[in-house]
Amino acid sequence: MRLVPRGIGLRDPNLRDRLYELLEHDPLAYSAGSRFIQLIIGVIVLNVTAMILASVPELDAEFGALFSAITILSVIVFALEYAARLWTVAGHTQRKASALADRLGYAFSTLGIIDLLAFLPAAIVLATGRHATLAALGVLPFFKLIRYSPAMRSLLAAVHAERRALIGCIVILIGAVLTFASLLYAIERDVQPDKLGTIPQAMWWAIVTLGTVGYGDVVPVTALGKFVSVFTIVSGFAMIALPVAIISTAFAEEVKRRDFVVTWGMLARVPLFSHLSAAEIADIMRLLRARTVEQDEILVRRGDAASSMYFITAGEVEIALPSQQVRLADGTFFGEIALLHKTKRSGTVTATRKTRLLVLDAHDFHALIERMPTLAEHVHTTAKARLADTGDLAPAELAQAEQEDGRRGK
């Protein structure tokens with residue numbers, strides 16, 4: 001896999017921008033950026049697996065050299081990735097600061113520190129020869145998956161957004177621990193001086209009881225102490241439920257915000273919506289649903305009942321008509337003719353590569369064109385042009401398809 005396009009050297013002024021797009025852009029499956037992400041994830045999984053297996057003496061004795069080679073390879077890959085990110089981040093931050101400030105900002109960011117810890121401690125251990133310590137460092141590369149996992153990023157964003165509420169939960173928990181520990185110390189200190197003779201000892205009991213763990217190594221023996229334990233256990237349920245509720249609610253909101261941003265970005269790629277206001281786009285977003293189809297997957301078959309209109313935001317589809325086959329790429333749409341005339345599909349639509357679509361259901365389509373005359377006029381004009389000139393497709397889209405074919409043939 002070539003990370004740098006053929007014919008581009010290190011002195012090319014655009015190389016840093018190209019490499020930054022490769023490292024930071026969220027690509028589709030057919031792109032070089034996606035293959036790079038798959039490579040990094042593969043190295044992470046391989047490295048963590050080798051660390052786990054190396055902790056087994058029998059396996060380490062037999063495959064120790066292989067485990068060490070995997071670790072060295074992982075350190076090299078992660079170090080090169082870190083150096084590339086450190087170099088390319090200059091000029092690509094929102095602060096518009098100097099190159100040094102941009103690089104320091106990345107180095108001290110959460111993701112930058114994770115990228116550094118993924119290889120630096122292992123490199124130091126390898127250099128010092130203390131290979132047994134590598135097993136303890138095996139989990140560090142795993143945290144690099146945060147960069148490539150939207151769910152993990154959303155969870156961290158939710159925790160960060162609710163950090164004040166979570167700190168409040170910790171303060172409440174500390175107060176509850178001190179309260180119940182002091183009560184049990186006053187009740188049980190003379191009965192169990194070896195286990196509850198001091199408040200710090202009683203705090204251990206309070207922590208495991210509030211956490212509903214209850215190891216059983218420290219339990220009250222007096223009736224009053226058991227009565228206090230009942231309230232401690234009940235309070236423990238609240239101590240667990242409170243932060244869980246806060247995080248789950250914040251996580252759900254973060255996922256909604258992320259979906260909103262993603263859908264907005266997809267809409268921005270469709271020229272049909274470029275003239276609409278922000279309020280109109282937000283109104284349309286509530287009607288659209290995102291869908292991803294894999295390469296060679298059939299989206300629509302000829303003769304099917306028309307139930308939706310489709311907008312291509314990234315990727316490409318091929319429409320097999322009775323007289324020809326035409327490919328449509330980013331920014332185009334199809335399926336409106338069958339909806340307008342309430343007929344069956346006139347062609348079979350197949351994804352030629354992994355494609356992201358926005359889907360507008362039939363009843364929402366008719367409601368939308370009634371509510372937005374400008375949008376309705378554009379859709380009707382496109383549909384008439386398709387029927388008059390090609391039977392289904394507009395000349396502009398045919399020209400775009402020919403340009404795409406020409407670029408692929410070069």
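Guide: Arg327 and Glu316 form a salt bridge, with their closest N and O atoms 3.4 Å apart. That pair links distant parts of the chain, as Arg327 sits in strand β5 and Glu316 in the loop between β3 (308-314) and β4, 11 residues apart. Bear in mind that this is a predicted model.

Visitor: Is Glu316 buried or exposed?

Guide: Glu316 counts as buried, at 3% relative accessibility. Arg327 is partly exposed, with 27%.

Visitor: How many salt bridges does a search of the whole structure find?

Guide: Nine. One of them joins the side chains of Asp115 and Lys144, at 2.9 Å from N to O. Asp115 lies in helix α5 (residues 110-117) and Lys144 in the loop between α6 (120-128) and α7 (145-148), so the pair ties together parts that are 29 residues apart in sequence.

Visitor: Which residues join Asp115 and Lys144 in one network?

Guide: Glu81, Arg85 and Arg147, through salt bridges that share partners.

Visitor: Switching topic: what's the strand order in the open sheet of four strands?

Guide: The order is β2-β7-β4-β5, with antiparallel pairing. β2 (298-300) and β5 (325-328) are at the edges with a single partner strand each, so one side of each has no neighbour in the sheet. From one strand to the next, the twist averages 30°.

Visitor: And what is the bridge partner of Ile319 in β7?

Guide: Val349. Strands β4 (residues 317-320) and β7 (residues 348-351) pair over four bridges.

Visitor: Which residues make the nonpolar surface patch?

Guide: Leu224, Phe227, Val230, Phe231, Ile233, Val234 and Phe237 make a patch of about 700 Å². Val234 is found in helix α12 (residues 223-268).

Methods. Residues are numbered from 1 along each chain as its sequence is written. This is a predicted model: local features need pLDDT of at least 70, side-chain atom pairs count only at pLDDT 80 or more; totals for chains, interfaces and linings use all residues. Side-chain values use heavy atoms; hydrogens and water are left out. Two strands pair if DSSP finds at least two bridges between them. Helices (H or I, at least four residues) and strands (E, at least two) are DSSP runs, numbered from the N terminus. Axes are lines fitted to C-alpha atoms, for helices over the stretch in contact, and angles run from 0 to 180 degrees between N-to-C directions. Patches are made of residues with over 30% relative accessible area and no salt bridge: like charges are joined within 9 Å, nonpolar side chains (Val, Leu, Ile, Met, Phe, Trp, Tyr) within 5 Å. Accessible areas come from the Shrake-Rupley method with a 1.4 Å probe; for residues, only the protein chains shown count as cover. A salt bridge is a side-chain nitrogen of Lys or Arg within 4 Å of a carboxyl oxygen of Asp or Glu. Buried means under 20% relative accessible area, exposed over 50%, partly exposed in between (1.4 Å probe, protein chains only).
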